[in-house]
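Work through the exercises below with the sequence and the coordinates side by side. Each task is followed by a solution that goes step by step.

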Amino acid sequence: MTDRIDPHFHSCQQVLDYICEHFGDDQDSDRCRELEKHLSKCPDCSSYCDSIDKMIGLYRATAPCFSGEARQVLLDSLGIEEHD
Amino acid sequence: MSKEEEAAIIERAKAGDKQAIKVLVDEYAPVIFRFSYNICRNQDKAEHATQETFLSILKKLNQFDNRSKFSTWLYTIVSNHCLMLARSEKTRRHQSIDDDEGSVPEIPVEHWEHDPEVSMERADLKEHLDEAIDKLAPEYKVIFVLRDIEGLSTEEVSNITNLSVPAVKSRLHRARSFLRNELAPIFSEHTHD
């Protein structure tokens with residue numbers, strides 16, 4: 001990690017911990033705005049964030065949907081007919 | 001479905017109303033399937049886990065007391081079910097990323113030039129991802145999937161897994177870093193000399 005640190009964070013590790021806690025949450029807070037400022041200046045943290053984002057996107061994109069056939073098997077196993 | 005509508009459907013389902021149970025199936029079976037699939041990365045196993053989880057949910061429905069969100073309760077049941085299944089598959093060896101100290105190791109950062117969602121054939125990508133996920137211990141997979149894939153809050157994940165918030169954060173960081181490092185050779189702009 002580099003030493004390009006926003007004054008509100010003491011280390012890039014703190015930035016990563018903060019990202020860990022707030023990834024995907026509402027970004028409209030003072031702390032998140034400070035984080036964005038740090039990311040715009042720190043290529044290491046920015047790359048880390050970007051790669052996590054891409055990894056999550058890939059994970060989501062490669063999951064299939066629950067099929068109609070599987071739904072029917074489930075309803076059958078629960079003893080429920082379509083017209084119930 | 002509003003919270004009030006959901007509560008009414010649950011009460012009807014508790015009384016054995018098949019129409020209400022079908023509403024719960026249509027609302028939550030896709031969620032349970034997606035979660036199960038993201039833990040085991042196998043469609044047949046995920047469909048089976050969805051079926052088993054739903055049977056379990058209907059058996060325990062009278063125990064649900066509306067003190068927590070229904071979805072949180074469902075995630076608790078399906079998480080336990082997936083963990084139980086994973087632990088029963090004793091032939092698999094997961095890489096240890098435990099650390100009792102609670103600190104997270106420094107991560108070498110490389111820029112991922114390629115967007116993995118668009119840069120390679122989907123089947124090829126999926127294979128690499130599944131291999132990486134397969135190496136991750138189920139206790140870490142559950143945290144990663146609940147927090148990052150399902151988008152639950154750290155507090156919700158803590159309630160579902162019965163772990164402290166710091167333990168959830170630590171496991172999440174480790175799981176992310178482990179998967180990222182496993183996938184890095186495929187997606188990095190360059191490799192270390």
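**Exercise 1: chain B as a whole**

Among the contacts in chain B that join residues at least 6 apart in sequence, 68% are between residues at least 24 apart, where a contact requires C-beta atoms, placed from the backbone, within 7 Å of each other. The model is a predicted one, in which local features need pLDDT of at least 70 and side-chain atom pairs count only at pLDDT 80 or more, while totals for chains, interfaces and linings use all residues. Residues are numbered from 1 along each chain as its sequence is written, and chains are lettered from A and ligands numbered from 1 in the order in which they are written.

Task: state how many helices and strands chain B has, and what percentage of its residues count as buried.

Solution: The secondary structure of chain B comes to eight helices and zero strands, taken as DSSP runs numbered from the N terminus (H or I of at least four residues for helices, E of at least two for strands). Of its 193 residues, 38% count as buried, which requires 20 or more other C-beta atoms within 10 Å of the residue's own, whereas 12 or fewer make a residue exposed and values in between partly exposed.

**Exercise 2: helix 4 of chain A**

Task: identify the buried residues of helix 4 of chain A, and find what they pack against.

Solution: In helix 4 of chain A, residues 68-77, the buried residues are Ala70(A), Leu74(A) and Leu75(A). Seen down the helix axis, these fall within an arc of 140°, so they line one face of the helix; the arc is taken over directions from the axis to the C-beta atoms. On the other side, Gly68(A), Glu69(A), Gln72(A) and Asp76(A) are exposed. The buried residues pack against helix 2 (18-40) and helix 3 (43-60) of chain B.

**Exercise 3: two packed helices of chain B**

Task: describe how helix 3 and helix 4 of chain B pack.

Solution: Helix 3 and helix 4 (residues 70-88) of chain B pack at an angle of about 130°, with axes 10 Å apart. That makes helix 3 of chain B oblique to helix 4 of chain B, since angles under 35 degrees count as roughly parallel, over 145 as roughly antiparallel, 65 to 115 as roughly perpendicular and the rest as oblique. The contact includes Ala49(B) and Ile57(B) of helix 3 and Leu74(B) and Leu85(B) of helix 4.

**Exercise 4: helix 6 of chain B**

Task: decide how far helix 6 of chain B is enclosed by the rest of the structure.

Solution: Nine of the twelve residues of helix 6 (residues 138-149) of chain B are buried, so this helix is largely enclosed by the rest of the structure. Among the buried residues are Lys141(B), Phe144(B), Arg147(B) and Asp148(B).

Note on methods. Two residues are in contact if their C-beta atoms, placed from the backbone, lie within 7 Å. Axes are lines fitted to C-alpha atoms, for helices over the stretch in contact, and angles run from 0 to 180 degrees between N-to-C directions.
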